[in-house]
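The sequence and the structure come first.

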Amino acid sequence: MTRVGTLRQFEILLAVYQQGSITAASQTLHLTQPTVSMQLKKLSDSVGAPLYDTIGKKLVFTEVGLALVATAREVLASIDRLGMTLADLQGMKAGTLKLAVVTTAKYFIPHLLGNFLQHYPKVDVDFKVGNRQQIIESLHAGEHDFYVFSHPPEDQELALHQFVPNPLVAIAPQDHPLANQGILSLERFAQEPFLMRELGSGTRHAIERHLQKRGIALNVKMTIESNEAIKHSVMSGLGVSILSQHTLSFGGSQGLVALPVSELPINTQWFLARLPNKQLSVVANTFLDYVEQQGRRQLIAEMASQNA
Ligand code: PGA
C-alpha cells in the first residue's frame with residue numbers, strides 16, 4: 001500500500017474531482033491535459049482499477065476513485081497541519097485558515113478576519129462564499145475548517161459555536177406608503193409584492209418557516225439570487241423583502257427603510273460550525289480561540305455601532 005500514488009498525483013486527483021473535468025483541472029494546476037491524464041493513469045495502475053468512467057462529457061468517479069479522493073484529502077490536510085505545527089513550534093502562527101460561509105455572512109466575516117489577521121499576519125485565508133445549500137455541499141466534502149451558517153443542517157453531526165445574532169428585518173423603499181403608518185401586522189405586510197431569495201438560501205428557509213408557523217402566505221413576485229440585487233430591486237419600487245440586518249448595516253441602506261412589522265424581526269443566530277471528527281489545525285484552533293476570547297465581542301460592538 002505504500003506505493004499507492006504520490007503526493008503530486010493526489011493533488012492532481014483532487015483538482016480533477018473538484019473541477020469535474022481534466023481540462024479545467026489542468027488549467028488550475030498549470031499543467032497540460034496529457035500530463036494530468038497520464039498522472040491519473042499511473043494512479044489508476046497503482047491501485048489496479050479505474051478511477052472514473054466518462055459518461056458523455058461527464059467524469060463519474062468509481063467507488064475506488066472516491067476512496068482515493070477521500071484518502072488524498074486526508075493525506076494533504078494532514079501535511080498542511082504538519083506545516084502549521086512546525087511553524088507553531090518555531091513560535092509562528094502560519095498557514096491557511098479555510099472558511100466556507102453563506103452569502104449573507106460575507107458582510108461581516110471580513111471584519112472579523114481583518115482584526116484576526118492583524119494579530120496573525122502570517123496566516124492566510126481561503127474564503128468560499130455560497131448560499132446555504134452550496135455551503136452544505138462543502139460541508140459534505142469536509143475541506144474547510146469552519147462553516148458559517150445561521151441554519152446549520154439538522155441531519156449532520158456538527159460542533160456548533162454560537163456566534164453573533166442575525167436579525168432578519170422587513171425592508172421597503174424609503175418613500176413606501178406603509179413606511180409612516182406605525183406598526184404593521186405581518187398579515188398586512190405579506191400582501192405586498194415580495195422579493196424572495198432563491199431556493200437553497202438560508203434567509204429564505206428562515207422566512208418560510210416563520211410564516212408557515214403562523215399560517216401566513218407571502219405574495220412572492222420575484223425570486224432573486226443575491227441580497228444586493230434584492231436591495232436594489234426594493235429601492236427601485238419592485239416590492240418589499242426580509243433580509244438580514246447585516247446586509248443593511250455593513251452593506252449600506254441608502255434608499256431603504258426598515259418597516260416596523262409585528263412578529264418581526266426573525267431572530268436567528270450565526271454559528272461557526274465544524275465537523276466534530278476533523279482534527280483542527282494550529283491555525284484553525286487559534287482562530288477559534290480568537291473568536292471566543294475577543295473576536296465575537298469586537299464584532300458585536302462593531303455591529304452595534306453600525307446600527308446606531
Ligand atoms: P443565505 O444564508 O445567504 O443562503 O440566505 C443565510 C443563512 O444561513 O441564514
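## Salt bridges, packing and ligand surroundings

Arg-296 has a relative accessibility of 22% and therefore counts as partly exposed. The model in which this value was computed is a predicted one. The side chain of Arg-296 meets that of Glu-292 in a salt bridge, with 4.0 Å from N to O, and Glu-292, at a relative accessible area of 40%, is likewise partly exposed. Because the two residues are four positions apart in helix α11 (residues 282–307), about one helical turn separates Glu-292 from Arg-296.

Side chains of opposite charge can pair when their charged atoms come close.

| Salt bridge | N to O distance | Helix |
|---|---|---|
| Lys-41 and Asp-45 | 2.9 Å | α3 (residues 33–47) |
| Arg-204 and Glu-208 | 2.9 Å | α8 (residues 202–213) |
| Glu-292 and Arg-296 | 4.0 Å | α11 (residues 282–307) |

In helix α3, Lys-41 and Asp-45 are four residues apart, so that about one helical turn lies between them. Arg-204 and Glu-208 are also four residues apart, about one turn of helix α8. Within this pair, Arg-204 counts as buried because its relative accessibility is 16%, a value below the 20% limit, whereas Glu-208, at 31%, counts as partly exposed.

Ala-190 belongs to helix α7 (residues 186–191) and, with a relative accessibility of 3%, counts as buried. Leaving aside residues up to four places away in sequence, Ala-190 touches Ile-216, Ala-217, Leu-218 and Asn-219. The C-alpha atom of Ala-190 is separated by 8.9 Å from that of Val-220, which is 30 residues away along the chain.

The residues surrounding the ligand include Val-102, Thr-104, Asn-131, Ser-150, His-151, Arg-197 and Trp-270, and Arg-132, Gly-202 and Thr-203 also belong to this group. A backbone N or O atom of Arg-132 lies 3.0 Å from a ligand oxygen atom, and a polar backbone atom of Gly-202 is 2.9 Å from an oxygen atom of the ligand. For Thr-203, a polar side-chain atom lies 2.7 Å from an oxygen atom of the ligand. Taken alone, the ligand exposes 280 Å², of which the protein buries 99%.

Methods. Residues are numbered from 1 along each chain as its sequence is written. This is a predicted model: local features need pLDDT of at least 70, side-chain atom pairs count only at pLDDT 80 or more; totals for chains, interfaces and linings use all residues. Side-chain values use heavy atoms; hydrogens and water are left out. Buried means under 20% relative accessible area, exposed over 50%, partly exposed in between (1.4 Å probe, protein chains only). Contact means heavy atoms within 4.5 Å. A residue is near a molecule or strand if one of its heavy atoms lies within 4 Å of it. A polar contact is a pair of N or O atoms within 3.5 Å; within protein, one must be able to donate a hydrogen and the other to accept it, and residues adjacent in sequence count only if both atoms are side-chain atoms. Accessible areas come from the Shrake-Rupley method with a 1.4 Å probe; for residues, only the protein chains shown count as cover.
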